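Please read the following report alongside the model. Terms are given with their cut-offs where they come up.

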Amino acid sequence: MQQTVWAMDGSFFAQRISGIQRYSIELLAALDAIVPAGLVEIVVPQGVKTPAYTNIKVVPFGTRQGLAWQQLDYPCYLKRRSAKGLATCNVIPWFGFTGIAVVHDVCYRARQDFYRDTRRDRLSAAWHCLQYRRIAQKAERIITVSEFSKAEIHKYYGVPLEKMDVVYNAWQQMQRIAPDDGVFARHPQLQKGGYYFSMANLLKNKNFPWVLRAAKAKPDAMFAIAGGGSLAEEAGRLGLADLPNVVYLGYVSDGEAKSLMANCRAFLFPTLYEGFGIPPLEALALGAPIALAKASCLPELYGDTARYFDPYDYEVDLDALAARPVAPPDKVLAKYSWDKTAAFWLEEIKKYAQQ
């Protein structure tokens, strides 16, 4: 019998790395070590750089880039190759896709109030909601990253629970990343063990204002905030510009993030809605105390290894929070593994490997 070929949408290799791209990259690295040669291919736009793989074939294809490539060139390849699709970044082609898709979360649908400020926000939310619905209709199997997200997909899109599986993110990438302490030379006001660290952007679910207001309430401590966008400008709009104990780091490399996590007083994660949330897991793996919003999936994933706070309480007492006892991280860290995630994926695609 002819073997089914699985062709993954690899356009995420051209995108800035966030949690969704991290999931895809680390999944492929672990999958390459165990997958039979010829079963999985990665299809990418022309000129996109990828890692070298042993058993997974990389296929540059098409003439377009970005969304046009995803919607036109990628399904053209699936048809030409008679391949099943693998889509790991919340997006599938509108036509011509059969296979497995990952929905990391449905924040655009569940928290529509986060996306009403600008026309761009509203259009982005509308597009993502259409994608969620299309995946619910067309994907043969849906994978998500937490029981919380699985319940949300079922709630908002009626996907039968038995059509979905939960396959977690993990943290082992931190083992191979070399720490970069140069960030401390560039920001001498940050002393090892003496600052709170967070990673932020302007998306409302990330709850950036919480960090600023926590910093204002604790002027004797330093707060380091990594992330792109106009965070300082947003602080000005919030009336919290020029807080002397806040350091804006901009985008940081993986090595800088590792050093910042490993040496912080605590890693702060005030998100209001999340499908998984990899950064706290990375910080936990590096021995950092983690303080998380008691919201969405976070208690499910981190259990009693984290200290939790109300993400709407902007005057939280960080000293009192730090005094709360927590469990050792070993059990939680053992639960999440890219090898386990890849093994699940391999078994899933093997179910369709013969036709």
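## Cysteines

C297 counts as buried because its relative accessibility is 0%, where buried means under 20% relative accessible area, exposed over 50% and partly exposed in between (1.4 Å probe, protein chains only). C76 has 34% relative accessibility and therefore counts as partly exposed. The model is predicted: local features need pLDDT of at least 70 and side-chain atom pairs count only at pLDDT 80 or more, while totals for chains, interfaces and linings use all residues. Residues are numbered from 1 along each chain as its sequence is written, and side-chain values use heavy atoms, with hydrogens and water left out.

A disulfide is a covalent bond between the sulfur atoms of two cysteines. With a disulfide taken as a pair of cysteine sulfur atoms within 2.5 Å, a search of the whole structure finds zero. For C297, the closest cysteine sulfur is that of C107, and the 11 Å between the two sulfurs is too far for a bond.

## Nonpolar cores

A nonpolar core is here a set of buried Ala, Val, Leu, Ile, Met, Phe, Trp, Tyr and Cys residues joined through side-chain atoms within 4.5 Å. The largest such core has 93 residues, and F197, F223, Y302 and W345 have the most contacts inside it. A second, separate core of 35 residues includes V43, C107, I135 and Y156.

Contact means heavy atoms within 4.5 Å.

Helices (H or I, at least four residues) and strands (E, at least two) are DSSP runs, numbered from the N terminus. Helix α1 covers residues 19-32, and its 14 residues should span 20 Å at 1.5 Å a residue; the end C-alpha atoms are 20 Å apart, which agrees. The expected span is 1.5 Å times one less than the number of residues. Eleven of the 14 residues of α1 are buried, so the rest of the structure largely encloses this helix. The buried set consists of Q21, R22, Y23, S24, I25, E26, L27, L28, A30, L31 and D32.

Helix α15 (residues 338-350) packs against α1 at an angle of about 75 degrees, with the two axes 8 Å apart. Axes are lines fitted to C-alpha atoms, for helices over the stretch in contact, and angles run from 0 to 180 degrees between N-to-C directions. The two helices are therefore roughly perpendicular to each other, a label that covers 65 to 115 degrees; angles under 35 count as roughly parallel, over 145 as roughly antiparallel and the rest as oblique. On the α1 side the contact is made by R22, Y23, E26, L27, A30 and L31, and on the α15 side by W338, D339, T341, A342, W345 and L346.

Seven of the ten residues of α8 are buried, so α8 is largely enclosed by the rest of the structure. These are F208, P209, W210, V211, L212, A214 and A215.

N205 lies in the loop between β8 (195-199) and α8 (208-217). N205 counts as buried because its relative accessibility is 7%. Apart from neighbours within four places in sequence, N205 is in contact with C107, F114, Y115, T271, L272, Y273 and E274.

V59 sits in strand β3 (residues 57-60) and, at 12% relative accessibility, counts as buried. Not counting residues up to four places away in sequence, V59 touches E41, I42, V43, V44 and Y77. V59 and I153 are 94 residues apart in sequence, and their C-alpha atoms are 32 Å apart in space.

R265 lies in the loop between α10 (254-262) and β11 (266-269) and is partly exposed, with a relative accessible area of 35%. The C-alpha atoms of R265 and F197 are separated by 7.6 Å, although the two are 68 residues apart along the chain. Residues that R265 touches, not counting those up to four places away in sequence, are G193, Y195, Y196, K218, A221, P289 and D319.

## Positive phi angles

N90 is not a glycine, yet has a positive phi of about 75 degrees. N90 is found in the loop between β4 (84-87) and β5 (99-102) and is buried, with a relative accessible area of 5%.

D242, also a residue other than glycine, has a positive phi near 60 degrees. D242 belongs to the loop between α9 (231-237) and β10 (246-250) and, at 75% relative accessibility, counts as exposed.
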